[in-house]
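Here are my notes on the model, point by point. Please read them with the structure open.

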Amino acid sequence: MQPIRTFNVTPSLPPRLEPLRQLAYNLHWDWNVDTKDLFRRLDRDLWESSRHNPVLMLGTISQTRLQEVAEDEGFIAQMERAAQQLEDYHHRLTWYHKQRKGVGGKVSGLREEDDSSQSPIQNPKSSLAKVGIVTGTAKTPTERKIQNSECYVYFSMEFGLADCLPIYSGGLGVLAGDHLKSASDLGLPLAGVGLLYQEGYFSQFLNADGWQSEHYPINDFYNMPLHLERHPDGTEIRIEVDYPDRKVYARIWRIQVGTVPLYLLDTNIEANASPYDHDITDRLYGGDIDMRIHQEMMLGIGGVRALTALGLKPTAYHMNEGHAAFLSLERIRVLMQEEGLSYTQASAVVKSSSIFTTHTPVPAGIDLFPPDKMMYYLGDYGDVFGLLREEFLALGRENTGDFTSPFSMAILAIKMATFINGVAQLHGVVSRSMFKSLWPGLPVEEVPITAITNGVHARSCVSPVIQSLYDRYLGPRWERAPVSDPLWERVSSMPDEELWRYHERCRAEMVVFVRDRLAQKLRDRGASPVEIAQASEVLDPGVLTIGFARRFATYKRATLWMRDVDRIKRILLANKGRKVQFVIAGKAHPMDIPGKELIRAINHFIREQGLIRNVVFIPDYDLHVGRLMVAGCDVWLNTPRRPREASGTSGMKASMNGLLNLSVLDGWWDEADYVRTGWPIGHGEDYDNPNYQDEVEANSLYELLEQEVVPLFYNRDNEDIPRGWVSKMKDAIRLNCPFFNTARMVREYGMRAYFPASDRYFKMTAAQYAPAKELADWKNKIFDQWYNIKIENIDVSEGTQILVNQTISVKARIDLALLTPDDLQVELYTGLVNANGDIVKGVPTTMEYQGQDPQSATSIYTSNITYTSSGLQGISLRILPKHEYLSSSYDLGLILWAQ
Ligand SMILES: *Cc1c(COP(=O)(O)O)cnc(C)c1O
């Protein structure tokens with residue numbers, strides 16, 4: 001039955017409790033312990049049953065309870081403190097302001113952040129400039145003040161922000177959510193863009209056989225911390241995206257993440273006639289390939305249009321994974337059709353200001369679309385650009401001459417971006433090699449794909465108990481203090497007893513939670529009373545607990561620890577108080593049958609081996625379960641098949657809580673101090689036979705458990721404190737907390753990607769795009785002349801025998817064709833020669849232009865080099881294009897080597 005009319009009913013609060021509304025609608029509560037505590041205090045049961053959703057709570061709580069707390073002075077005082085903290089949060093002088101003086105807009109009146117920033121302080125007057133793009137709960141575009149002249153936008157298919165917003169599926173989403181939270185903490189003028197899914201990511205159910213089934217909860221947007229974006233007259237702001245034969249409309253919701261707005265598109269509106277179009281934003285990663293293209297068009301094209309409709313003028317665009325890459329096509333179209341630029345000019349502007357982060361070390365993880373589908377859905381863009389079919393498709397192809405190859409979203413993103421990165425150092429190496437053919441002739445180590453190692457948002461993943469300890473001993477700045485900050489030295493001064501007692505409290509809390517959750521799930525499934533009673537006896541709060549929680553993709557090898565049944569049983573069931581227990585959680589993708597089989601295998605193993613008390617599988621892994629586990633376990637286990645785990649982040653969360661990691665040297669762990677802050681499984685070696693690899697790594701895992709982990713944990717002094725263990729916990733906190741932290745990560749994105757991209761955007765668009773036009777003309781000239789350049793000859797001053805520390809001089813004569821010395825970078829390339837006769841890891845040195853050779857009309861370049869070590873050394877010479885508006889000499893993919 002369709003309603004004849006709808007009303008949006010909002011909670012009615014006693015006037016005194018009005019601040020609760022503002023607190024509920026800003027996700028800042030998710031990482032502010034006091035505010036979260038306030039909502040829990042309001043109604044503990046409702047807090048749990050609403051999935052920690054303060055908006056739903058305020059809408060359903062009884063008026064009696066509201067009247068009660070309105071007269072509770074203690075509650076009111078806590079509420080006012082929380083409101084004050086949010087107000088203060090908006091008026092900080094942030095890291096961003098200090099970095100971008102002059103670019104970052106007005107800073108007068110902002111208050112320096114200091115060690116007391118978490119405690120209530122007299123507020124500055126609210127007329128002062130606020131941090132961020134959107135202020136408070138502005139309702140209309142005209143109220144929406146853009147404080148800063150620059151604005152960065154971050155596009156992602158999923159965002160994992162809070163328990164009550166199930167619009168993420170795993171690591172990629174949680175990372176995106178943490179990115180926004182830290183951007184807010186650091187004061188970046190950033191906005192997120194994504195899709196608002198009608199059906200949340202699935203809840204996981206296990207049947208009696210341990211087989212996963214899925215249930216998709218329907219998200220009720222009106223009872224979530226979401227604002228619908230409206231015009232001043234109250235009507236919804238709508239955008240439209242062109243699909244074959246029709247337009248699809250979307251409205252825009254906003255989640256306020258501290259000072260960062262996250263805009264989410266929603267196509268489930270009556271303006272769309274067909275049910276198919278309603279479903280574009282129905283499910284995250286649901287549907288077939290056509291649906292995926294629909295979704296990615298909505299994200300990329302719709303996202304750009306939404307920003308325009310909201311009055312935002314971004315100066316840097318960040319594509320988090322290839323899903324969002326269509327945004328570049330839309331930006332080029334706008335620049336061509338609305339600003340009158342040519343295709344080359346427009347793409348120069350787009351490239352100058354785009355950032356791409358890849359998260360996938362396996363080619364199968366990348367979105368690929370068949371050429372015909374690409375043309376069917378996006379061919380109009382090719383027409384606007386004036387490109388032929390194969391020229392247009394080449395934008396998404398590695399080998400542009402292969403007309404059968406599919407269109408890759410990652411390749412499109414790479415071709416459109418000026419800054420490209422992987423998410424851990426090892427992943428950077430893998431990505432450079434995966435995409436090296438896009439820069440033919442360039443040595444792999446110079447492929448311009450760098451790495452920014454992931455992090456996690458400290459206040460979101462450190463348990464409140466442990467946070468209070470850090471606040472007390474390190475001061476509240478620990479959450480974002482850099483590695484070099486002396487406060488990290490104070491970790492060692494935390495009393496062992498206290499850290500250990502607090503940690504044991506987290507373990508006990510987790511055990512209580514696990515028993516409740518298991519009992520509840522068994523009741524839901526109609527299990528027998530005996531089975532339900534057993535749930536209250538699982539796990540022992542005093543036993544060494546190993547945690548494993550992640551998506552059940554087969555490469556993560558969730559069952560590696562079960563490989564030798566007898567050996568693992570001896571470890572688990574050891575006597576003399578040296579037992580070990582496992583807590584496991586994770587979902588398999590609904591279509592991933594092998595992943596589901598792993599879940600079933602674990603549940604069978606538990607029952608068949610009589611390990612119901614010692615090994616627990618917690619159903620329905622989500623942010624909430626994750627937060628309890630990364631604080632309540634003692635060891636965090638990770639056994640991916642290297643190098644498939646691009647980064648991994650749950651181990652970082654664990655480390656921040658003082659857990660020790662026990663992991664294969666992959667992703668982030670490969671670059672952590674894996675000796676002092678945990679244990680490495682294996683040595684990062686690669687065997688061709690995967691079965692043998694599993695064997696070696698399972699053995700390494702057992703050995704570490706038997707010989708190092710268990711003894712260290714149970715080696716107690718007379719106060720029952722494992723001193724050696726606690727000392728390792730402190731190393732984990734001190735060394736990993738400041739680095740594997742999104743505060744460090746977002747600062748790095750700022751300094752290395754956003755600031756330069758934004759500066760280039762301003763430069764390129766100044767004076768009616770004059771620099772973009774100049775760059776486009778120059779590019780045409782370079783492509784025209786490139787193959788006419790000739791390296792005529794190279795003179796080396798010495799023979800083939802030289803001594804260490806001897807200097808040799810090199811003189812080259814080059815025919816620059818119609819180019820000038822300003823257009824080119826001529827480099828000497830030197831390094832050791834390997835057995836194949838190739839220079840390996842060579843070092844480029846810029847050669848000096850010495851003028852024209854009057855006889856031959858060629859240009860002369862010279863350089864001196866001094867050899868500081870012996871061996872067979874090689875010299876080569878290469879030429880790259882050079883222009884002040886290029887972000888790097890590699891941008892055009894051109895390089896000419898001496899033959
Ligand atoms: C942190 C987190 C992840 C990502 O963990 P990985 O170690 O990268 O697999 C996935 N899901 C949830 C709910 C998380 O909190």
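1. Pro643 sits in the loop between β20 (635-638) and α24. Helices (H or I, at least four residues) and strands (E, at least two) are DSSP runs, numbered from the N terminus. The bond joining Arg642 to Pro643 is a cis peptide, with omega about -5°. Most residues other than glycine have a negative phi, and most peptide bonds are trans.

2. The model is predicted: local features need pLDDT of at least 70, side-chain atom pairs count only at pLDDT 80 or more, and totals for chains, interfaces and linings use all residues. Numbering starts from 1 along each chain as its sequence is written, and side-chain values use heavy atoms, with hydrogens and water left out.

3. His52 belongs to the loop between α3 (44-49) and α4 (54-60).

4. Which residues surround the ligand? They are Gly170, Gly171, Val174, Arg550, Lys556, Tyr621, Asp622, Leu623, Gly648, Thr649, Ser650 and Lys653. Each has a heavy atom within 4 Å of the ligand. By class, this shell has 3 nonpolar, 5 polar and 4 charged residues. Here Ala, Val, Leu, Ile, Met, Phe, Trp, Tyr, Cys and Pro count as nonpolar, Asp, Glu, Lys and Arg as charged, and the others, Gly among them, as polar.

5. A polar side-chain atom of Lys653 is 2.6 Å from a ligand oxygen. A polar backbone atom of Thr649 lies 2.9 Å from an oxygen atom of the ligand. For Lys556, a side-chain N or O atom is 3.3 Å from a ligand oxygen. Taken alone, the ligand exposes 380 Å², and the protein buries 92% of that (Shrake-Rupley method, 1.4 Å probe). The elements giving two or more residues to the shell are α8 and α24 (650-656).

6. Helix α8 (residues 171-186) also packs on helix α27 (residues 742-785), at about 80° and with axes 9 Å apart. Axes are lines fitted to C-alpha atoms over the stretch in contact, and angles run from 0 to 180 degrees between N-to-C directions. The two helices are therefore roughly perpendicular, a label for angles of 65 to 115 degrees. Contacts (heavy atoms within 4.5 Å) involve residues including Leu175, His179 and Leu186 in α8 and Met745, Arg747 and Tyr754 in α27. That contact has 8 nonpolar, 3 polar and 2 charged residues.

7. Helix α25 (residues 690-714) and helix α26 (residues 723-736) pack at about 110°, axes 6 Å apart. That makes α25 roughly perpendicular to α26. Val709, Leu712 and Phe713 in α25 meet Gly724, Trp725 and Lys728 in α26.

Definitions and conventions. Parallel < 35°, antiparallel > 145°, perpendicular 65-115°, else oblique. Polar contact = N/O pair within 3.5 Å; in protein donor to acceptor, adjacent residues only side chain to side chain.
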